[in-house]
Amino acid sequence: MNAFDIIGPVMIGPSSSHTAGAARIGRIARLLLGEEPAAAHIVLHGSFAKTYKGHGTDKALIAGILGMEPDDARLRFSPQIAAGQGLDIQITTADLPDAHPNTAQLTLTGRSGAAVTVRGASVGGGNILIDTLDGMPVRISGQNPCLVVQHRDRPGVIAQVTDLLAERGVNICNFSLSRRNKGGLAVMTIEMDGGPDECLTRQVSALPDVLGAVLLRTPGD
């Protein structure tokens, strides 16, 4: 246990789970989209669905989609800021299968037409877990820098990526792999003790059969 676990995150309240965690989910969804969002469809599940207005979960998710951190004083005004930027927001509630009580599913559409769907849970103390990316299981905790690599399911791709990390002395602390079908689209998530730079991310993106790579940094990196 560290001090963060005891005192919680620096944030705009009222709830670390319903506000700080929600803002982090929204921000990771934006980073995974990789461009300025034009529209967002937010589906709230469980406790999020029941209490989001009182706890400001909707405002926190929108703030994260706008790129704000949980301690950003503008969080309370995120719906108005989104409207001013032309960001179309739709919020609905639903029962999502096998989901943590504090779960949000975000579908973001960028200005180029690119889209991403992310499902994440706020698991307490501002901590989160992203468990689904575009319908594929993933594991992104947000506690460590994470490299998210979408690629074709071909022999040697994982080795090429991890070899690049090893050459830079980067230690992997958590790894997950998911694929739609054999030989089809796959995604690997690599959480690291220390984050590589964007140059390495570009190297990974340039590998054969890699369709794209996104580096998710932790606050302060």
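1. Let's start with a helix on a sheet. Helix H6 (residues 157–167) lies across strand S7 (146–152), S8, S9 and S10, and runs at about 25 degrees to S9. Helix H7 (residues 198–205) also packs on this sheet, where H7 touches S7 and S10. The direction of H7 makes about 160 degrees with that of S10. Please keep in mind as you look that this is a predicted model.

2. Now look at the sheet under these helices. Its 4 strands follow the order S8-S9-S7-S10, forming an open sheet with antiparallel pairing. At the edges you will find strand S8 (172–179) and strand S10 (210–216), each of which pairs on one side only. From one strand to the next, the twist averages 15 degrees.

3. S8 and strand S9 (residues 185–192) are joined in the antiparallel sense by 7 bridges.

4. The protein chain has 7 helices and 10 strands. Its C-alpha atoms fill a box of roughly 50 × 40 × 35 Å along the principal axes. For 221 residues, a compact globule would have a radius of gyration near 17 Å, and the chain agrees because its own value is 17 Å. Of the 221 residues, 47% count as buried. What about contacts along the sequence? Among those between residues at least 6 apart, 67% join residues at least 24 apart.

5. A handy landmark is His-41, which stands opposite Thr-107 in S3.

6. Asp-58 sits in helix H4 (residues 57–65). Is Asp-58 buried or exposed, and what is the nearest side chain of opposite charge? Asp-58 is buried and has no salt bridge; the nearest such side chain, Lys-59, is 6.2 Å away. That distance is outside the 4 Å used for a salt bridge. Leaving aside residues up to four places away in sequence, Asp-58 touches Tyr-52 and Ile-91.

7. Other charged residues do find partners. Side chains of opposite charge can pair when their charged atoms come close. The count comes to 9 salt bridges in this model. One of them joins Asp-72 and Arg-74, with the closest N and O atoms 2.8 Å apart. Asp-72 counts as buried because its relative accessibility is 17%, under the 20% limit. Arg-74 counts as partly exposed because its value is 44%.

8. Another salt bridge links two strands. Arg-119 pairs with Asp-131, and the closest N and O atoms are 3.1 Å apart. Arg-119 lies in strand S4 (residues 115–124) and Asp-131 in strand S5 (residues 127–133), so the pair ties together parts that are 12 residues apart in sequence. Arg-119 is buried, with a relative accessible area of 11%, whereas Asp-131 is partly exposed at 22%.

9. Arg-168 and Asp-197 meet through their side chains in a salt bridge of 3.3 Å, N to O. This pair links distant parts of the chain, 29 residues apart: Arg-168 is in the loop between H6 and S8, and Asp-197 is in the loop between S9 and H7. Arg-168 is partly exposed at 40% relative accessibility, and Asp-197 is partly exposed at 37%. To finish, look for Arg-152, Arg-154 and Asp-209, which are linked in a network of salt bridges.

Terms used:
Residues are numbered from 1 along each chain as its sequence is written. This is a predicted model: local features need pLDDT of at least 70, side-chain atom pairs count only at pLDDT 80 or more; totals for chains, interfaces and linings use all residues. Side-chain values use heavy atoms; hydrogens and water are left out. Buried means under 20% relative accessible area, exposed over 50%, partly exposed in between (1.4 Å probe, protein chains only). Lys and Arg count as positive and Asp and Glu as negative; His and the chain ends are not counted. Contact means heavy atoms within 4.5 Å. Two strands pair if DSSP finds at least two bridges between them. Axes are lines fitted to C-alpha atoms, for helices over the stretch in contact, and angles run from 0 to 180 degrees between N-to-C directions. The radius of gyration is taken over C-alpha atoms; the globule rule is 2.2 Å times the number of residues to the power 0.38.
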